[in-house]
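Please walk me through this structure in the viewer. Tell me what to select at each stop and what is found there.

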Amino acid sequence: MYRDNYIKALRTEMLEMVAEQLTPVAIRYGYSDVPLETTIKWRPQVLVLGGYSSGKSTLINEFLGAEIQATGQAPTDDSFTIITYDDSLPPDEPIKVTESRDGKFLLNDSEYPFETLKKHGQRFAAHFRLKKVNSPFLKNLALIDTPGMLDSITERDRGYNYQEVIGDLAQIADLVLVLFDPHKAGTVREIHTSLRETLPSRTFEDRVLFVLNRIDECASMIDLLRVYGTLCWNLSQITGRKDIPMIHLSYSLKKSREISKDQEMSYLRFLENQRDVLKLAVLQAPRYRLDNLAAFVETHGERLAHFLEALISYRKRARKFGLKNFLVAFLCCLALGSAVFMITMTAPPLAGTDLIIKGVIAGGAVIAGLLAWAFSLRRFFYKRFLKKALKNTSSLTALFNQTRKDNWEAVRDAVIRYLRNTEGKFSLRDVRNDFSVVWQVYERGSKEIREALKELEGLSIEEETEFFKARLNLDDQGNPRGVTA
């Protein structure tokens with residue numbers, strides 16, 4: 001009870017921190033089109049990726065305990081399917097789909113975290129849907145099934161940018177499964193793009209699990225070892241990593257029963273526990289949620305601070321450029337006034353006029369020059385300054401380590417977009433105030449959350465109980481202090 005209450009309180013605290021302090025700033029500057037908390041307020045999610053014949057739907061059906069997703073050797077489903085829990089039926093009811101919803105419903109219902117996917121258009125919405133299933137496996141998480149990845153496919157073929165979609169889904173998922181089959185162990189082009197570019201930029205390495213599925217199709221243990229070695233080699237080339245992450249093994253329980261009498265396939269009995277290991281890893285997704293929420297606060301706090309830092313830098317440079325230009329223009333206008341005054345002293349028509357008149361004429365030339373600068377030349381030079389800054393936005397911020405380079409890569413387009421939309425004209429004071437708020441969330445708020453999670457991990461049951469009592473201000477009976485049961 002204490003643990004559940006504390007975790008719930010901590011999760012609520014994080015959501016409030018994002019909603020009240022990060023979201024207003026993010027929306028004000030175009031860092032995000034929707035509230036940041038939209039993507040983290042729902043239940044834990046597991047994204048399932050893989051080639052069209054890697055056995056995604058079969059694996060999902062085995063998890064759920066019923067034939068929910070269509071299966072087959074050829075591509076059978078080209079939709080993104082959110083599979084979530086329905087607790088409205090009695091526990092003894094057969095497992096089945098109890099409700100289906102289309103993409104338009106999902107993308108416009110604030111209960112679900114998919115509003116950010118609206119940008120992918122109507123064609124994507126037509127290939128996006130939700131299924132509610134009364135499977136106990138889904139009590140604490142949701143699964144996201146995806147269209148199989150192919151070799152020769154383009155955005156024009158699908159009608160939407162597939163890599164962008166899975167990138168957005170990976171960003172809100174707590175766990176990503178990437179499935180391979182023995183016949184194409186890591187050689188599909190879209191998988192290469194996903195592992196090399198999309199996933200590293202949108203999620204963390206520890207959230208990605210690799211699965212060699214359908215190993216029952218290997219003719220023998222030697223064949224399986226060759227396939228496993230091939231996949232390891234391909235992953236090392238794709239990811240560019242020297243250390244190969246753990247690769248889970250899985251196969252269809254139904255298939256294993258059909259071939260149980262085949263002596264060549266007897267090696268499968270030694271790998272039966274691998275399915276349970278994988279299932280347990282997927283069921284651990286809710287445990288990662290708090291850590292992922294903390295990472296979410298840290299990541300967006302740091303990136304938003306970097307975003308505002310670049311705007312502050314630009315505004316400072318723009319002010320300095322404006323002041324320098326004004327001084328140059330003022331000196332040039334004074335020189336013009338002096339030249340006009342000298343002309344009035346020597347030119348025949350004006351040489352005999354009073355000095356006051358000559359001074360008025362020279363002063364008028366100075367004022368005319370300043371007006372010409374203010375209403376024409378100043379804008380011209382400022383536009384050139386803005387154009388130059390947009391071409392070299394990386395000079396607006398110091399990129400002294402890889403973390404800052406990664407953060408800048410994530411926010412650079414948003415910085416460019418904001419500068420273009422505002423033409424670089426915004427309040428430096430407001431940006432500094434917003435930066436102070438965001439930096440406080442990043443520096444203090446996220447670290448306090450990490451400290452709480454660290455304390456939570458190292459506690460025994462007895463210590464944990466006392467810890468929760470202290471954090472939640474409970475007495476020995478579990479009641480709030482000052483309140484009798």
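## Stops along the salt bridges and a surface patch

Select Glu99 to begin: this residue is partly exposed, with a relative accessible area of 24%. The model is a predicted one.

The Arg101 side chain meets that of Glu99 in a salt bridge, 2.8 Å from N to O. Arg101 is partly exposed too, at a relative accessible area of 35%.

Next, select Arg202 and Asp168. Their side chains form a salt bridge, with 2.1 Å from N to O. Arg202 belongs to helix H7 (residues 189-202) and Asp168 to helix H6 (residues 162-172), so this pair ties together parts that are 34 residues apart in sequence. Is Asp168 buried or exposed? With 6% relative accessibility, Asp168 counts as buried, whereas Arg202 is partly exposed at 22%.

Together, Lys119, Glu164, Asp168 and Arg202 are linked in a network of salt bridges.

Move to Glu423 and Lys425. A salt bridge joins them, and the closest N and O atoms are 3.9 Å apart. Glu423 is partly exposed, with a relative accessible area of 44%, while Lys425 counts as exposed at 52% relative accessibility. Over the whole structure, a search finds 11 salt bridges.

For the last stop, select Leu323, Phe326, Leu327, Phe330, Leu331 and Leu334. These residues make a nonpolar surface patch of about 550 Å². Where is Leu323 found? Leu323 sits in helix H11 (residues 285-346), and it is exposed, with a relative accessible area of 52%.

Conventions:
Residues numbered from 1 in each chain as written. Predicted model: local features only at pLDDT ≥ 70, side-chain atom pairs only at ≥ 80, totals over all residues. Heavy atoms only, no water. Patch = residues over 30% accessible without salt bridge, like charges linked within 9 Å, V, L, I, M, F, W, Y side chains within 5 Å. Areas by Shrake-Rupley, 256 points an atom, 1.4 Å probe, with all protein chains shown as cover. Salt bridge = Lys/Arg side-chain N within 4 Å of Asp/Glu carboxyl O. Helix = DSSP H or I, 4+ residues; strand = E, 2+ residues; numbered from the N terminus. Buried < 20%, exposed > 50% of the residue type's maximum accessible area, 1.4 Å probe, protein only.
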